[in-house]
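User: I've got a model open and I'd like to talk through how its parts pack. Can you take my questions one by one?

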Amino acid sequence: MTVAAEISFVVNGAGRTLELDTRTTLLDALREHLHLTGTKKGCDHGQCGACTVIVNGQRINSCLTLAVMHRGDSITTIEGLGTPEHLHPLQAAFVGHDGYQCGYCTPGQICSAAAVIDEIKAGIPSHVSADLNAAPKLTETELRERMSGNICRCGAYSNIVEAITEVAGRLA
């Protein structure tokens, strides 16, 4: 028996309303119902980060949450960060630093990186923050820890760190 629900949220700045099976993940709502295919389905178990989106300013694995849980939320996908004509600074930096190879993980990496920069600016510590009462510093160790939930099977990690460091330095 299928139970459907009407779900309204803001996706990339636009109000959207969908009638969905209550078991539909946020990932499937974005990809299959809203046709925002930039967000990728990788492992479908929350282990790879390819499905990372930003919900109310927090990065989440969209494969691990149901769309019905996000009524009224503001959701940003890779399509909401920039366009081919007007790239988000992180998108441009990923291109400039070759922070992608096959590109499959790139949308999740970039969404996660945007949220990481905001976390650091907000003073939110990570597991490698030496002093939990001090503002976290933008270091390679800090970035690698915060980005550790996003897997790149091609191994472009150094380039990804360089791209994030460049953008975070400009936004600081």
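User: At what angle do α3 and α4 pack, and how far apart are their axes?

Analyst: A word on the source: this is a predicted model, where local features need pLDDT of at least 70 and side-chain atom pairs count only at pLDDT 80 or more, while totals for chains, interfaces and linings use all residues. Residues are numbered from 1 along each chain as its sequence is written, and side-chain values use heavy atoms, with hydrogens and water left out. Helices (DSSP runs of H or I, at least four residues) and strands (E, at least two) are numbered from the N terminus; axes are lines fitted to C-alpha atoms, for helices over the stretch in contact, with angles from 0 to 180 degrees between N-to-C directions. For α3 and α4, that gives about 125°, with the axes 10 Å apart.

User: Which word describes how α3 and α4 lie to each other?

Analyst: Angles under 35 degrees count as roughly parallel, over 145 as roughly antiparallel, 65 to 115 as roughly perpendicular and the rest as oblique. The angle here is about 125°. α3 and α4 are therefore oblique.

User: Which residues of α4 does α3 meet?

Analyst: Contact means heavy atoms within 4.5 Å. From α3, the residues involved are Leu90, Gln91 and Phe94. On the α4 side they meet Thr106, Gln109, Ile110, Ala113, Ala114 and Ile117.

User: Is Val128 buried, exposed or partly exposed?

Analyst: Buried means under 20% relative accessible area, exposed over 50%, and partly exposed in between (1.4 Å probe, protein chains only). Val128 sits in the loop between α4 and α5 (140-146), and touches Thr141, Glu142 and Glu145, leaving out residues up to four places away in sequence. Its relative accessible area is 35%, so Val128 is partly exposed.
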